[in-house]
Amino acid sequence: MEQRKHWWNGKWGRLARRDVFLRVDADQWHVEQRAGGAEGISRFYEYGSADEAEETVRALLDGPDTWRELSPRPPGGWTLPNN
C-alpha cells in the first residue's frame, strides 16, 4: 500500500490531534481518519476510484481546523544526503 497524502490539523495531544491519510493499493483507494495521534482511533473508507476517495478527504478536512499537508514518508524511510 502506498501513502499518497497526509493531512494534520496542527494540534498536539491525544485529545486534539486529527490526521487524514490517502493511500492506494493497486486499484483500491483508502482513506483513514485518525483521532488521537499514532495510538488513537481510526476510521477507514475504501473506494474504487481516486475521485471518490478525494471527495471524502475534502469532506473530512472541511471545518474550523487549520489543516496542513505533510509529505508522505518515502518507501524505505528517509535518507540523509552524503556530504
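Strand 3 and strand 4 form a hairpin with five residues between them, and G36 in the turn has a positive phi of about 100 degrees. The model is predicted: local features need pLDDT of at least 70, side-chain atom pairs count only at pLDDT 80 or more, and totals for chains, interfaces and linings use all residues. Residues are numbered from 1 along each chain as its sequence is written, and side-chain values use heavy atoms, with hydrogens and water left out.

**Exercise 1. List the secondary structure and give its pattern along the sequence.**

Step 1. Helices (H or I, at least four residues) and strands (E, at least two) are DSSP runs, numbered from the N terminus.
Step 2. Along the sequence, the pattern is β-β-β-β-α-β.

**Exercise 2. Work out the strand order of the sheet and find which strands stand at its edges.**

Step 1. Two strands pair if DSSP finds at least two bridges between them.
Step 2. The open sheet has the order 4-3-2-1-5, with antiparallel pairing.
Step 3. Strand 4 (41–47) and strand 5 (68–70) each have a single partner strand, so one side of each is left without a neighbour in the sheet.
Step 4. On average, neighbouring strands of this sheet are turned by 20 degrees against each other, direction ignored. Axes here are lines fitted to C-alpha atoms, for helices over the stretch in contact, and angles run from 0 to 180 degrees between N-to-C directions.
Step 5. Strand 3 and strand 4 are joined by seven bridges, and E32 has F44 as its bridge partner in strand 4. Strand 1 (residues 2–8) and strand 5 are joined by three bridges, and W8 has R68 as its bridge partner in strand 5.

**Exercise 3. Find the aromatic pair and decide whether its two residues are buried or exposed.**

Step 1. Rings of Phe, Tyr and Trp (its six-membered ring) pair if their centres lie within 6.5 Å; planes under 30 degrees apart count as stacked, over 60 as edge-to-face and the rest as tilted.
Step 2. The structure holds one aromatic pair. W8 and W12 form this pair, at 5.0 Å centre to centre with 70 degrees between the planes, and the pair is edge-to-face.
Step 3. W8 has a relative accessible area of 7%, so W8 is buried. W12 has a relative accessible area of 69%, so W12 is exposed.

**Exercise 4. Locate A26 and describe its backbone and exposure.**

Step 1. A26 is in the loop between strand 2 and strand 3.
Step 2. A26 is not a glycine, yet has a positive phi of about 60 degrees.
Step 3. A26 has 76% relative accessibility and therefore counts as exposed.

Methods:
Buried means under 20% relative accessible area, exposed over 50%, partly exposed in between (1.4 Å probe, protein chains only).
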